[in-house]
Amino acid sequence: MIHYLECRFPNPSSKGPMHPFDSVLSAMQLESSLFVRLRGHAPWAISFDSGGQARLVVVAKGQGWFTQVGHPPVVVQAGHCLIIKQGVKGILGDTSDRAAIPCWQVADHVTGELVAFGGDGEPCEFFSTLFTFDHAAGEPLSALLPDVVHVTMADRDAGQMISILEQIGAEEAQGSLGGSYVVGRLLDVLFIQAIRTWASSEGNVSDGWLAGLTHRQLARTLSLIHADLARPWTLEQLARHAAMSRSSFAALFKSVVGVPPLTYIATWRIYRAKLLLAAGHSIAAAAEQTGYGTDVALSRAFKATTGMSPGQWRRERRAVAGPRAPVSDARAARRAAVY
């Protein structure tokens with residue numbers, strides 16, 4: 001059974017600054033648009049093509065092989081998750097060389113809460129859900145993620161994830177009031193838990209803003225920066241907050257985050273300006289709220305970073321997004337693009 005869901009994160013609270021990671025997730029307006037539970041019996045293989053949506057795959061039982069087009073196959077088994085970025089094609093099957101059929105063929109021709117397909121051999125049970133999100137808002141996170149995020153959960157985390165999946169199944173079976181909203185929230189939790197587990201695994205986030213936010217000496221300073229991006233920060237002020245010399249702070253910051261401190265601040269100011277422009281604010285208002293002061297100063301910095309003016313960026317964004325379709329039309333469009 002395929003379930004189409006319309007659900008978003010609630011608006012962030014106004015009580016105090018949000019953690020930068022939380023603020024990015026909130027701005028992304030993550031929406032779960034499809035959820036399906038599958039069980040493949042060997043021999044089986046299905047191909048994925050998520051188009052403009054990201055996909056989360058969670059393996060609940062058994063084992064399979066996932067092959068991203070152009071890359072070597074990897075084993076996935078119970079307790080493993082895959083986050084597959086938009087535009088990425090891949091094949092999931094009981095072996096790495098099995099001929100695959102498009103996943104939509106399986107989902108469209110089999111009905112029931114559990115979609116079973118394939119032969120009569122060993123089973124592999126997994127869940128798949130598609131996500132849409134604001135790509136401009138998701139830039140900081142997308143830039144850190146590989147095309148396919150392969151997460152191996154610790155036993156406790158895997159148990160929690162399976163428990164959530166079982167709760168989703170229970171909600172679907174009961175058909176209680178508000179069930180689709182509850183399922184949507186649970187799917188959001190699965191996505192965030194997978195990202196969080198990947199980010200906390202050794203070697204996955206060697207540099208970048210998430211590395212800085214978890215660094216013992218830099219975390220507090222980065223939180224201060226994000227809490228007041230419009231402030232005219234200087235290297236001296238930042239070093240003082242970190243209780244370090246200017247040269248030591250600059251060297252540590254670049255080694256952990258990957259760019260100099262003031263470059264980092266400029267990048268996040270442009271990111272915030274994009275969110276403001278996307279929300280309908282004027283260029284002058286975006287400039288004021290990001291510390292540039294004037295629309296001329298913001299336009300100069302924006303073009304140096306993105307290669308286009310703020311006005312051009314907003315026009316192109318609107319052209320790509322188009323008018324928001326009614327729910328029924330949006331579902332039909334998603335169904336046509338799924339897999």
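In what order do the five strands of the open sheet lie, and is the pairing parallel, antiparallel or mixed?

Analyst: The model is predicted. Its five-stranded open sheet has the order β5-β4-β7-β2-β8, with mixed pairing. The edges are taken by β5, residues 74–77, and β8, residues 101–102, each of which pairs on one side only. In general, the strands of a sheet pair through backbone hydrogen bonds, and the sense can be parallel or antiparallel.

Within this sheet, β2 covers residues 45–49 and β7 covers residues 89–93; the two are antiparallel and share five bridges.

Another antiparallel pairing involves β3, residues 54–61, which is joined to β10 by seven bridges. Here Val59 faces Phe126 of β10 across the pairing. Strand β10 itself spans residues 123–132 and is mostly covered, since nine of its ten residues are buried, that is, under 20% relative accessible area.

Of the 339 residues in that chain, 45% are buried. Among contacts with a separation of 6 or more, 74% are between residues 24 or more positions apart. The chain exposes about 16400 Å², and 53% of that area comes from carbon and sulfur atoms.

Note on methods: Residues are numbered from 1 along each chain as its sequence is written. This is a predicted model: local features need pLDDT of at least 70, side-chain atom pairs count only at pLDDT 80 or more; totals for chains, interfaces and linings use all residues. Side-chain values use heavy atoms; hydrogens and water are left out. Two strands pair if DSSP finds at least two bridges between them. Helices (H or I, at least four residues) and strands (E, at least two) are DSSP runs, numbered from the N terminus. Buried means under 20% relative accessible area, exposed over 50%, partly exposed in between (1.4 Å probe, protein chains only). Contact means heavy atoms within 4.5 Å. Accessible areas come from the Shrake-Rupley method with a 1.4 Å probe; for residues, only the protein chains shown count as cover.
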